[in-house]
Amino acid sequence: MVELVVKDLVAGYGNVSVLHNVSLDVPNGETVALLGTNGNGKSTLMRCIAGLIKPTEGSITLKDGDRQIDLAACSPKQIVEHGIAMVPEGRRLFPLLTVEDNLTLGAYRAEAREKLAESIDFCFTLFPRLAERKTQQAGSMSGGEQQMLAVARALMSDPKLLLVDEPSVGLAPILVSQMIEKIGELNTSRGLTILMAEQNFNQAIKIADKGYIIVHGEIAFASKDATDLRENDMVKSYYLGV
Amino acid sequence: MIILELFINALIAGILLGGFFAALSIGLSICFGLLDTVNIAHPTFIVAAAFCTFILNANFGIDPILAGIIITPLFFGLGWVIYSLYYQFFEKTSAEALRGLAFFFGLLFITEVVLIISFGVDHRLVNAAYIGKSFGGEFAGISVSVPFRLLSAFVVAAILTLGLQMFLDRSFFGRATRAVHQDMMALSLMGVDPVAIKRIAFAIGLGTCGIAGALMIIVIPIEPAVGRLFIGNVFAIVVLGGLGSISGTLIAAMILGIAESMVSTFFGPSWAPAVSFTILLGVLAFRPTGLLGVGDTR
């Protein structure tokens, strides 16, 4: 049982503040979409949760069973050890390493190493393409295959909460919907709790249990549930073009 | 027949020399090829290790190879300290390119001066049962001679380099070391502290100086500035093999060892130092990333 609670978060780069009092909640077992166009702070928020950026104010809390973990005080390494994995924007694979080495590195933390073989099997079943390309250099694969590897590598750490930052970037439309479906499948079949940042509203709302819209570093709209997200006037008029 | 005999002897000596070169270069291949630290002082640290071996051998009669193993943790520790300083003052502030090079140049001179003050500029040697003897015989009318000192250095070098390569290839730590220069941020998302990886890897790279120094004093007489002779060689080998490729380094060391041995047999020893850079230029003209270097596919 994990739940991620972000409260009144203020963060940025140097003197430039990007997020202003952002609050959101990712309940256990749900897929939450963080929606917004480019430059509104989605990636900054994701990086804060993964520990790559330290927030200046506010809190990020992971509720794991009875424990309350203050993630803002953790290093990226500790955050991975608490069961959070991130698929970063732009995939960020190790291009010169093989597919297999990329996956193995994903299982670096002690608990994940024990399940290494099992996790690799799981990833190869989820993305059979990766099994075919096992010994190939990651950088020499197509964009779609690289995105599969990025997701699979994050799964290798056996996370409870998966952060996915813009899985659709740079992919052909058919691959985008396949990728989104796979992420949805991880939630439904594996029970993984997911926070996904996305600018492709049409695709993201297909799998989201609820969503937040972020505009200029502030939460402009927080939906109660999936229907609320789809039926909202603001979403319809600005982002879906209906 | 005499030409064939010369050729075969030069080939054997070259292969043995290549193994020795591999031991000298593998630490630099890690520090420079995988971690992007231009450790120009690497050969000088090897000379420092050679002097440590000399002390242990001359004062306590310890076998030079055993001495090399004994001092390896010392050089591992030294590498740990050097990288911590380098990270704190240069890499963290992104000033590594030129000022970092100056830092290692400074270390080179300081080490050299300390060695000169402590030992003078005389050449030093070590004693061991296998030094000064050779193994030889006639095979099909060709007389072959293999100096034991080169053979023992080759065997130790092979164990060191192949063992290290296997470790970097198969362990979690090795994979992280190979990944760290490709994407540090992505590595921290895997739950790995990239700076810790670099620190340990650099320490391992410098740790190899312990064994390499012992091999150096087994193979040649040493004096404090002898490291300079090898700066060209080791950098040429690492670049020739391809940055980031340990197996490339081992192959390049072999090629250079054989080529130098051939050239000094057939054209005279004074030509030998020109060999490494001639081969380097030739190979880089056709393969800019080195023999096994893959370049950057990003």
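**Figure 1. Chain A as a whole, with its 11 helices and 10 strands.** Helices (H or I, at least four residues) and strands (E, at least two) are DSSP runs, numbered from the N terminus. The radius of gyration of chain A, taken over C-alpha atoms, is 17 Å, close to the 18 Å that the globule rule gives for 242 residues, so chain A is as compact as a globular protein of that length. That rule is 2.2 Å times the number of residues to the power 0.38. Along its principal axes, the C-alpha trace of chain A spans about 45 × 40 × 35 Å. Please keep in mind that this is a predicted model, in which local features need pLDDT of at least 70 and side-chain atom pairs count only at pLDDT 80 or more, while totals for chains, interfaces and linings use all residues. Residues are numbered from 1 along each chain as its sequence is written, and chains are lettered from A and ligands numbered from 1 in the order in which they are written.

**Figure 2. The four-stranded open sheet of chain A.** Follow the strands in the order β2-β1-β4-β5 and you will find antiparallel pairing; two strands pair if DSSP finds at least two bridges between them. β2 (16-26) and β5 (67-70) of chain A stand at the edges with a single partner strand each, so one side of each has no neighbour in the sheet. From one strand to the next, the twist averages 20°. Angles here run from 0 to 180 degrees between N-to-C directions, and axes are lines fitted to C-alpha atoms, for helices over the stretch in contact. Look for the seven bridges between β1 (residues 2-13) and β4 (residues 57-64) of chain A; A:L4, for example, has A:L62 in β4(A) as its bridge partner. Helix α1 (residues 42-50) of chain A packs on this sheet, touching β1, β2 and β4 of chain A, and its direction makes about 70° with that of β2(A).

**Figure 3. The six-stranded open sheet of chain A.** Here the order is β6-β7-β8-β3-β9-β10 and the pairing is mixed. β6 (84-87) and β10 (218-222) of chain A are the edge strands, each pairing on one side only. Four bridges join β6(A) to β7 (residues 161-165) of chain A, and these two strands run parallel. Within β7(A), A:L162 stands opposite A:A85. α1(A) lies across β3 (31-35), β6, β7, β8 (193-198) and β9 (210-215) of chain A, at about 150° to β7(A). Helix α7 (residues 143-155) of chain A lies across β6 and β7 of chain A, running at about 170° to β6(A).

**Figure 4. Helices α5 and α10 of chain B packed together.** α5 (residues 148-170) and α10 (residues 246-266) of chain B meet at an angle of about 160°, with their axes 10 Å apart. They are therefore roughly antiparallel to each other, a label for angles over 145 degrees. B:T161, B:Q165 and B:L168 of α5(B) make the contact with B:I246, B:S247 and B:L250 of α10(B); residues are in contact if their C-beta atoms, placed from the backbone, lie within 7 Å.

**Figure 5. Where chain B meets chain A.** In this view, 19 residues of chain B are in contact with 24 residues of chain A. On the side of chain B that touches chain A, α6 (172-179) and α7 (184-189) of chain B each supply at least two residues. The largest share of that side, five residues, comes from α6(B).

Terms used:
Contact = placed C-beta atoms within 7 Å. Parallel < 35°, antiparallel > 145°, perpendicular 65-115°, else oblique.
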